[in-house]
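Hello,

Here is the structure you are taking over. Please open it first and then read the notes below it.

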Amino acid sequence: MRVATDIGGTFTDLVYVDKNGGIEVAKSHTTPPNFEQGVIDVLEKSGIDQKAISTFIHGTTVIINALTERKGAKTGLITTKGFRDILEIARGNRPDLFNIRYKKPSPFIDRFLRKEVDERLNYKGETLAPLNKDQVKEVIEFFKKEKVEAIAVAYLHSYVNPDHEKETIKLIKELWPEVAVTASYEVTKEWREYERTNTAALNAYVQPAAATYVNKLYNKLAEQNTTSKNFIMQSNGGTTTFGNAKENPINMVESGPVAGIYGSAVLGKMIGEENIIAFDIGGTTAKCSLIEKGEVKVSTDYYIERTDRNAGYPIKTPVVDIVEIGNGGGSIAWIDDAGSLKVGPQSAGAMPGPVAYGQGGAEPTTTDANLLTGRLSAKKFDYDVDLNRVKDAIETKIAKQFDMSAEEAALGIIRIANSNMLNALKLISIRKGHNPQEFTLVAFGGGGSMHAPALAKELGVKKVVIPVASPVFSAWGMLMSDLRHDYINTFIRRIADLDISEINNQWNEIENGALHQYENEAVNKEDVVFNRFADMRYVGQEHTVKVPVPNGAWTEAEVNEIVEKFHNLHEQNYTFKLEDAQIEIVNLHVTAFGKVQKPVINKVPREGTLDDAKKETRNVYFENPNGWVPTDVYQRELLPTGQVVQGPAVIEEKAAVTVIYEGQSLHVDEYGNLIIETGAN
């Protein structure tokens, strides 16, 4: 039995596929700070035989939480003489250009804990000055006195030649085996000294917390007599072993969210939809990503805490291209100093949660607004809901400020939340040159199905898919994922001067290293599949285009085909191409998949009538001039295959609700997915 669990800000989700291909789900409240207990809680709530689990896959927010909450280890940095301030200097791309009070983000490592040693390589990786090991020993002693818990090592040009970093790591482990240590070459072999150093620093910063968490989770599973093979979701859309996750935890920075994106691509192939906008609304955030021709976009240009006023912190590891905003079911509605209604990014979280939970929450949230307008039913909550208390909170905090009814204020909260989410959807579609009419919206998470039909119509998307197990779809995506490692090496060569034998040797070296790593993870050679990419640009440009390139040995003919492909992709991305300009390769990128046996999802045709699935008719508050409208409510699990539900209507299931509007229609396909025609032109 394959089981996947995903920790979110409010709930911990579980999905498993039984031996007959049937999907079962469970949800339990997240249990900060002991997140591993939430995993055990949801396993017990599901009622499955934990001894029967053969594969356990896990997604976690522990890494991103440790970074955003500054709850990592006390970390030291060892770097090349003259480069201790690289984390301070960063880049000159100040986003808030005219803000005279602008402050650069403070490094995660204090300056007095950033130490230099004599050593130097040139850009070719040739040694200009040997490593001074005596200075390394002095730094280690200093870090011991300062009670440092983790050490990052990042030397100039070590992405080309890591020998000095290897010597330093060996010395640290001999003299201080207890301390966590990260070398930059272990986490990235791309150039960009600031980004590479910061990535190594952040990996070291979260390493002790990651090791503690993974060990606790492993021990908790062992206590339940679970003898499964255990994997953790990575930010690149693949999984890795518990052991590797402890060594390179920075690869889990977006562990949970990306699984739903990957799951959307898998679902798209099942139902014949190659172009997908994946849209996930949880309790705290809304996330979206664009999948074109079945390809999930992965980039190493990832930042945390980056906004239009903050440069953020770069992490040079492969992450699915995703846009995330602070709007979810628990997002708090508030009025700013100018008297405008805002929703998020502050969240009520799991505790105390929305007012409806009755656990002490006093601020109105998106969930409360959906409850008051009839989109949600008080019967669907785990708690006894005091609807009068919810109404009073919205009335007092919001409605009175605008001289309107509580219901009108609740609808305003929903519309503001929708507007925020729509902006995020535009960022990954329209603003990147894509026509939303050519895409299908796959909506999931606890709130995805509730908001998606309205958003899709406004965006111009004609079809929305609400997948089976939509409230826990990120965990479903984990069930369908393979092991994955990305290897990205900087290799700067002009196409006109390219030595084909040299680049073929580089590809072979990278792929042999991948095979060796998978061998250590007990994956057979025949189960490893490679995808190659080259990051290319016109000479003199800053940014690159990722070009899919063929496997195997290159020839002159294939190089010419790659050049033509680059021109076309450059035009698609930047609206122009320069066919007479010189081209250069910057990075070689190999994605190595360790294929695993995945569950077969059965078709689930259902007989019956719509009357069999109808639960009730209740009033739902829609935009004027409709107001309160008697709306049919259906149970999703009883909806017959192929029969059409006309909007307005509400479809209820465990932990999620789908709301379709007047002029929209819905039917269930043969896999049990809800297919919504939005009425968009």
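How many Å² does the accessible surface of the chain come to, and what percentage of it belongs to carbon and sulfur atoms? The surface is about 29000 Å², and carbon and sulfur atoms hold 47% of it. Keep in mind throughout that this is a predicted model.

Overall form

The chain contains 17 helices and 35 strands. Its radius of gyration is 26 Å, close to the 26 Å that the globule rule gives for 681 residues, so the chain is as compact as a globular protein of that length. The C-alpha trace spans about 80 × 60 × 60 Å along its principal axes. Of the 681 residues, 56% count as buried. Among the contacts with a separation of 6 or more, 68% are between residues 24 or more positions apart.

Nonpolar cores

In soluble globular proteins, nonpolar side chains tend to be buried together. In this chain the largest nonpolar core has 72 residues. Leu43, Leu67, Ile78, Ile151, Val253 and Ile304 have the most contacts inside that core. Helix H7 (residues 193-223) supplies the largest share of this core, with 12 residues. A second, separate core has 67 residues, including Ala286, Val323, Val355 and Leu372.

Leaving out residues up to four places away in sequence, Ile78 touches Lys115, Val117, Val139, Phe143, Ile151, Ala152, Val153, Ala154, Tyr155, Thr168 and Ile172. One of these, Ile151, is also listed with Ile78 among the residues with the most contacts inside the largest core.

Aromatic pairs

A pair of aromatic rings is described by the distance of the centres and the angle of the planes. The count here comes to 11 aromatic pairs. One of them joins Phe108 and Tyr313 edge-to-face, at 4.9 Å centre to centre and with 80° between the planes. Phe108 lies in the loop between helix H3 (86-89) and strand E6 (114-117), while Tyr313 is in strand E18 (residues 313-315), so the pair ties together parts that are 205 residues apart in sequence. Phe108 is buried, with a relative accessible area of 12%, and Tyr313 counts as buried at 5% relative accessibility.

Tyr357 and Phe381 form another edge-to-face pair, 6.3 Å centre to centre with 70° between the planes. Tyr357 sits in the loop between strand E22 (341-347) and helix H10 (366-372), and Phe381 in the loop between H10 and helix H11 (387-402), so this pair links parts that are 24 residues apart in sequence. Tyr357 counts as buried at 8% relative accessibility, and Phe381 counts as buried at 15%.

Ring pairs also link Phe108, Tyr205 and Tyr313 into a cluster.

Charges and rings

Which residue lies over the face of Tyr303? Arg306 does, at 3.9 Å from the ring centre. The charged end of Arg375 sits over the ring of Phe622, 5.3 Å from its centre.

A buried glutamate

Is Glu407 buried or exposed? The cut-off for buried is under 20% relative accessible area, and Glu407 has 15% relative accessibility, so Glu407 counts as buried. Glu407 lies in helix H12 (residues 406-427). Apart from its neighbours within four places in sequence, Glu407 is in contact with Leu372, Thr373, Lys391, Tyr621 and Trp628. Leu372 is also one of the residues of the second core.

Regards

Methods: Residues are numbered from 1 along each chain as its sequence is written. Side-chain values use heavy atoms; hydrogens and water are left out. Rings of Phe, Tyr and Trp (its six-membered ring) pair if their centres lie within 6.5 Å; planes under 30 degrees apart count as stacked, over 60 as edge-to-face and the rest as tilted. Helices (H or I, at least four residues) and strands (E, at least two) are DSSP runs, numbered from the N terminus. Buried means under 20% relative accessible area, exposed over 50%, partly exposed in between (1.4 Å probe, protein chains only). A charge sits over a ring if NZ of Lys or CZ of Arg is within 6 Å of the ring centre and within 35 degrees of the ring normal. The radius of gyration is taken over C-alpha atoms; the globule rule is 2.2 Å times the number of residues to the power 0.38. Contact means heavy atoms within 4.5 Å. Accessible areas come from the Shrake-Rupley method with a 1.4 Å probe; for residues, only the protein chains shown count as cover. A nonpolar core is a set of buried Ala, Val, Leu, Ile, Met, Phe, Trp, Tyr and Cys residues joined through side-chain atoms within 4.5 Å.
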